[in-house]
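Student: Could we go through this model together, asking what stands behind each label?
Tutor: Gladly; here it is.
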Amino acid sequence: MIVSTAFEPINGVSYYPAVVDDSLCERVKTALMDANAHSGADILIEGVRHPAPRLVSSFSDTVLGLEGMESSRTWTPELAELRDLVASVFSLNFNYALANLYRNGDDYTGWHSDKAALHLDGSKIAIVSFGAPRRLSIRSYEYPKDAQTFTMEEGSVVVMDLGVQATHEHSVPKEENPTDPRMSITLRKLHILDEYLRQSE
Ligand SMILES: O=C(O)CCC(=O)C(=O)O
Ligand SMILES: [Fe+2]
């Protein structure tokens, strides 16, 4: 499958529409809902508990407990299919997925960079979108007023270089208009997973 870059908001971040077909989108959504996989645990920010502004779950090659997260589950068949499709389209490799469920337009992800230290050096993060379109904003730490914002449609993939995390942060802002649920599956290659496996041998 050949995909063309529709949009590159900044160097190191590319948006590709229509990578995942409707049938796989439907199967992934159903699988995630059936698995009742998402948790709404509180999150800790500088030692203070806040209700999670979205629901999260995680999947990986082996059950992994990361600080502040419920343990991951092993891949469902649909998520493994999605992982393999995105890996082959972009010639990447993934061993972990963090899934987010935005129940409506009030759910959001605040400004943050992904924790580069957990990921394999030089790897990339792929964000796959399902359900209602939502916006992704990206801004540099240097010029925070110049945010780039674009809409992620169902079946689209955003590919982010790990290096971008050092210079930029991203967010999924709230929507003012009524908004249906949206899920994102963020595919990652964590180096700590291999180390974790080695420790438990
Ligand atoms: O839901 C999204 O599109 C982005 C989520 C995100 O930034 C993350 O999980 O780190
Ligand atoms: Fe993120």
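Student: What makes residues such as Ala97 part of the largest nonpolar core?
Tutor: This is a predicted model, where local features need pLDDT of at least 70, side-chain atom pairs count only at pLDDT 80 or more, and totals for chains, interfaces and linings use all residues. Residues are numbered from 1 along each chain as written, with chains lettered from A and ligands numbered from 1 in written order. A nonpolar core joins buried Ala, Val, Leu, Ile, Met, Phe, Trp, Tyr and Cys residues through C-beta atoms within 7 Å; buried means 20 or more other C-beta atoms within 10 Å of the residue's own, with C-beta atoms placed from the backbone. The largest such core has 40 residues, and Ala97 is one of those with the most contacts inside it. Strand β7 (residues 96-102) gives the largest share, 6 residues; strands are DSSP runs of E, at least two residues long.

Student: How do you know that Ile185 is in contact with Leu79?
Tutor: Contact requires C-beta atoms, placed from the backbone, within 7 Å. Leaving aside neighbours within four places in sequence, Ile185 meets this with Leu79, Leu82, Ala97, Ala99 and Val128.

Student: Which residues surround ligand 1?
Tutor: Being near takes a C-beta atom, placed from the backbone, within 6 Å of the molecule. Among those that surround ligand 1 are Asn100, Asp114, His170 and Thr186. Strands β7, β13 (168-172) and β14 (182-188) each give two or more residues to this shell.

Student: How confident is the predictor?
Tutor: The protein averages a pLDDT of 88, on a per-residue confidence scale from 0 to 100. The complex gets an ipTM of 0.99 and a pTM of 0.91.

Methods:
Buried ≥ 20, exposed ≤ 12 C-beta atoms within 10 Å, placed from the backbone. Helix = DSSP H or I, 4+ residues; strand = E, 2+ residues; numbered from the N terminus. Contact = placed C-beta atoms within 7 Å. pLDDT = per-residue confidence, 0-100.
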